[in-house]
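These are my notebook entries on a structure that I consulted for the first time. I record below what I looked up, entry by entry.

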Amino acid sequence: MSEAKDGDLKALQAALAAEHAAVYGYGVVGGRIGEARRTEARAAYDAHRARRDALARAVRDLGGTPVSAAAGYALPFAVPDYPAAVRLAAELEDRVAGVYSDLVRATEGERRRTAAEALREAAVRAVRWRGESVAFPGLAERTAAVSASPTA
């Protein structure tokens with residue numbers, strides 16, 4: 001396998017693993033989100049399932065075996081209620097955006113365009129859940145640096 005193809009496959013597998021985790025996480029969100037935002041949570045869940053399936057196909061197209069979903073995932077914090085479910089949804093989108101940022105850097109052509117679209121979609125969903133945006137969606141190290149600066 002060529003080095004470029006190997007890099008693509010590794011980045012695709014990481015994005016697939018992130019989508020598996022997001023699908024799991026949205027199952028938790030859906031159970032706590034409340035009626036007012038349940039449609040939004042369902043749409044995000046469906047979007048992540050579709051991306052997951054497309055990534056699995058892309059991995060197979062490159063001759064790889066798609067990573068499997070784990071039986072369960074550790075959540076970054078307890079999700080006992082609606083506010084925590086909203087925070088979790090925003091966190092899931094931030095994490096997925098970060099992985100798609102890596103995929104944008106690792107790929108070219110149509111894969112890069114698709115990854116950039118997925119990054120944008122995750123960033124928009126994160127803003128909707130959080131109620132505010134970040135300076136560099138998908139680039140946690142830059143977002144943290146801007147947030148920590150005295151002029152930010």
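How do the axes of helix 2 and helix 4 cross, and within what distance do they come? I found that these axes come within 12 Å and cross at roughly 160°. That makes helix 2 roughly antiparallel to helix 4, a term kept for angles over 145 degrees. Axes here are lines fitted to C-alpha atoms, for helices over the stretch in contact, with angles running from 0 to 180 degrees between N-to-C directions.

I noted the basis of the entries. The model is predicted, so local features need pLDDT of at least 70 and side-chain atom pairs count only at pLDDT 80 or more, while totals for chains, interfaces and linings use all residues. Residues are numbered from 1 along each chain as its sequence is written, and side-chain values use heavy atoms, with hydrogens and water left out. Helices are DSSP runs (H or I, at least four residues), numbered from the N terminus.

I then looked up the crossing of helix 2 with helix 4, which is left-handed (the near helix is turned anticlockwise from the far one by less than a right angle). In the contact (heavy atoms within 4.5 Å), residues of helix 2 including Glu40, Ala44 and His48 meet residues of helix 4, among them Arg111, Glu121 and Arg125. The residues of this contact divide into six nonpolar, two polar and seven charged. Ala, Val, Leu, Ile, Met, Phe, Trp, Tyr, Cys and Pro count as nonpolar, Asp, Glu, Lys and Arg as charged, and the others, Gly among them, as polar.

I turned to His48, in helix 2 (residues 38-61). Is His48 buried or exposed? At 1% relative accessibility, His48 counts as buried (under 20% relative accessible area, 1.4 Å probe, protein chains only). Leaving aside residues up to four places away in sequence, His48 touches Glu19, Ala22, Val23, Tyr26, Glu93, Val96 and Arg125.

I next examined helix 3 (residues 82-106) and helix 4 (residues 109-130), whose axes come within 8 Å and cross at roughly 160°. Helix 3 and helix 4 are therefore roughly antiparallel to each other. Helix 3 passes helix 4 in a left-handed crossing. Glu93, Val96 and Tyr100 are among the residues of helix 3 that make the contact, and Leu119, Arg125 and Trp129 among those of helix 4. This contact comprises 15 nonpolar residues, one polar and six charged.

Last, I checked Leu9 in helix 1 (residues 3-32). Leu9 counts as buried, at 11% relative accessibility.

Technical notes
Helix = DSSP H or I, 4+ residues; strand = E, 2+ residues; numbered from the N terminus. Buried < 20%, exposed > 50% of the residue type's maximum accessible area, 1.4 Å probe, protein only. Parallel < 35°, antiparallel > 145°, perpendicular 65-115°, else oblique.
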